[in-house]
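Subject: Model for your files

Hello,

Here is the model I said I would pass on. My notes on it follow below the structure.

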Amino acid sequence: MGRLEADPVNRSTEVGPDAVNGDFGGVWGNNPPSEVEVMGEQVTSARQVRICLVDWPTGSGCSTLGSEEPDTWAGAGGGAAVMVELNRSGRAGGPHSGQTSLRDRLEIGRGGDERLMSMEGLRGLAVLLVFFVHYADLVSPWMSDSGWISVFAERVGDAGNSGVDLFFVLSGYLIYGNLMKRPQAYRPFIRRRVRRLYPTFLVVFAMYVALSFAVPSESELPGSLVEIPAYLLFNLLLLPGIVPVSAFITVAWSLSYEFFFYLTVPLLISKFDMRERSPEWRWRFLMRFGVAVLLLGGLISGTHPRMVMFFGGMLLWEWMTNRWPSRSDHPEARQVVNRLSIAALVVGVLSPLVLTSDFLLQLPRIAVLAVAWPLLCAGCFAVDGACRRWFSWTPLRLLGNISYSYYLMHALVLQALFFALEFVWEPTADASWLYFAGMVPVFAATVAASVVLFLLVEKPLSLDSRTLRLIGRRR
C-alpha cells in the first residue's frame, strides 16, 4: 500500500525532499497497489492527488499525478518544496479543472500554502519594479531634461533595478534550501535548471535575432558579420554579466548571474561539507562569504556585488529552518517580524531613490537591500501578518506567476511600442506628461504579451511537462 504523510487538517502539506523513499508515479503506473493513503484518506485513483513544485524564477508547477506518464515523475526534485493536495473530486487537474478562465490558466498552483502565495506576490513586485527601469528609459526622449517629472522618472527607474535584487534573494532561498535538504547529483540538477530557463529564453532570443535583421537600426548585433556568431554564442551560453560581453536580450545579464549561482552553489555546499556543519557554523560562513562578495565584487564591476543577494536568501533559509522555529510560538516574536517586514518593504522600495546606483559604486544601496529584501521575505514566509496578506493579493500573485515570461518579454514590447510611437509623434521636450499618461496602457500591453508567451511557451514546456516527484513512501 502506498502512503503519503501530510496534514489531515489543511488537506495539503509541504514535504521535504529528505522524505523520499519512493516514487508514487511508478507505484501507480507500474505496479498499482490496492489502495493508497494520502493525508489520512484512502484514494483509489492517481487523479485524486495533485502536487506542486515550487521553484525560481516564476513559482510553482502543478499537475495531478494521473495526468502524466509514470516515468515523467522520476528523478525530479528541482524545487525548494513539494506541495501535495488531495483532490476530493477525483477529476484530473484538481478541483477546478473544469474551469478554463484566464485566471485559472495563469494559476500554477500553490498547494494551499499562504507562504507560497506571498512568494508569488513578491515576484510580482520584482517585475513591477523592473518595468519602471525600462519604461523610464524609453519614454525619456519625450520628456524635458530639467523638469521635475523627468527627475522623478529617472530616480524611479534607477530604483527599479532593486527588483532584480529581490529575484536574487528568492532564488538564493529556494535553490540553497533545496540543495541543503538532500544531496543531489550535480548533472541532473543542472539539467533541471537548463530545462527551466532555456525554452522561454530561446523563444525570446529567436525573436530578438529575427527583429535585429528586420529592423537593423534597432539591432544590438555587432556591425561586423564575423563577430556576430561569437556574440550570439556568448549570449546563448548566458555569459553577459559574468564576462565583459553586452547582453543581446536587455535583461539577460541577470540570468547569467542566476546560472552562475546554479553552477557554483552545489559545489560550495559539497566542498565545505555544509550539510554536516552546525547551523551556527553555516551562518557565520555565509555572512563572511557574503560580505567578501560585496566588497570584492565592488572592485571588479558595478554589478558583481549584487551577487550578495543570493547570500541574503541563503541566510534567510538558515534563519527560517534553524532559528525561527524555536521562536515562532511567541506572539511578541511574530509581532516583531511583522513590523520589521513592513519597515523592510518601505526601505527596500524607497532607499534606492536616495542611494543611487552611482553613489560609492552602489555598495551602500546593495548593502541596505541585502538586509531589507530578506527581512521582507521573512515577514511573508514566517508570520501571518500584513506583508503576507498584501503579497497574496491575486493580481500581484498572477503577475508573479508569469514573472519569468514577463521579465524576458517586457523590454521587447516596450521597444516595439516606442519605436512605433516615433513614426506618429516625433520626440519633443514638452511632453513629460506622457510618463504618467502612458504608464498604465503600456504596462497592460507588456502584461498581455507576456501572458501569451507564458501560456504558449513557458507553461507547457517548463511547468506542466516538467519532471516532478511526489514525495512519499510505500508501506
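A residue is called buried when its relative accessible area is under 20%. By that cut-off, six of the eight residues of helix 14 are buried, so this helix is largely enclosed by the rest of the structure. The buried ones are L396, R397, L398, L399, G400 and N401. Please keep in mind throughout that this is a predicted model.

N401 belongs to helix 14, which covers residues 394-401. Its relative accessibility is 0%, which is under 20%, so N401 counts as buried. A polar atom of the N401 side chain lies 3.1 Å from the backbone oxygen of L106.

Some totals for the chain. The protein chain has 17 helices and nine strands. It runs to 475 residues, and 54% of them count as buried. Taking contacts between residues at least 6 apart in sequence, 79% join residues at least 24 apart.

The core comes next. The largest nonpolar core has 119 residues, and F201, L376, F381 and Y435 are those with the most contacts inside it. Helix 3, residues 114-139, gives the most to this core, with 13 residues. If neighbours within four places in sequence are set aside, Y435 is in contact with F132, Y135, A136, V139, M143, I149, F152, A153 and V156.

Helix 6 and helix 8 (residues 252-271) have axes 10 Å apart and pack at an angle of about 170 degrees. An angle over 145 degrees counts as roughly antiparallel, and helix 6 and helix 8 are therefore roughly antiparallel to each other. On the helix 6 side, the residues that meet helix 8 are Y186, F189, I190, R193, V194, L197 and F201. Their partners in helix 8 are A252, L255, F259, Y262, L263, P266 and L267.

Helix 15 (residues 403-424) and helix 17 (residues 439-463) cross at roughly 130 degrees, and their axes come within 8 Å. That angle makes helix 15 oblique to helix 17. The crossing of helix 15 and helix 17 is right-handed. From helix 15, Y404, S405, Y406, M409, H410, V413, L414 and L417 take part. They meet V442, F443, A445, T446, V447, A449, S450, L453, F454 and E458 in helix 17.

Q184 sits in the loop between helix 5 (162-181) and helix 6 (186-214). Its relative accessible area is 16%, so Q184 is buried. The side chains of Q184 and R192 are joined by a polar contact of 2.5 Å. Q184 and P266 are 82 residues apart in sequence, while their C-alpha atoms are 8.4 Å apart in space.

L238 is in the loop between helix 7 (228-236) and helix 8. It is not a glycine, yet it has a positive phi of about 60 degrees. With a relative accessible area of 5%, L238 is buried.

D273 is in the loop between helix 8 and helix 9 (279-300). D273 is not a glycine either, and has a positive phi of about 50 degrees. Is D273 buried or partly exposed? At 42% relative accessibility, D273 counts as partly exposed.

Regards

Key
Residues are numbered from 1 along each chain as its sequence is written. This is a predicted model: local features need pLDDT of at least 70, side-chain atom pairs count only at pLDDT 80 or more; totals for chains, interfaces and linings use all residues. Side-chain values use heavy atoms; hydrogens and water are left out. A nonpolar core is a set of buried Ala, Val, Leu, Ile, Met, Phe, Trp, Tyr and Cys residues joined through side-chain atoms within 4.5 Å. Buried means under 20% relative accessible area, exposed over 50%, partly exposed in between (1.4 Å probe, protein chains only). Helices (H or I, at least four residues) and strands (E, at least two) are DSSP runs, numbered from the N terminus. Contact means heavy atoms within 4.5 Å. A polar contact is a pair of N or O atoms within 3.5 Å; within protein, one must be able to donate a hydrogen and the other to accept it, and residues adjacent in sequence count only if both atoms are side-chain atoms. Axes are lines fitted to C-alpha atoms, for helices over the stretch in contact, and angles run from 0 to 180 degrees between N-to-C directions. Angles under 35 degrees count as roughly parallel, over 145 as roughly antiparallel, 65 to 115 as roughly perpendicular and the rest as oblique. A crossing is left-handed if the near helix is turned anticlockwise from the far one by less than a right angle, and right-handed if clockwise.
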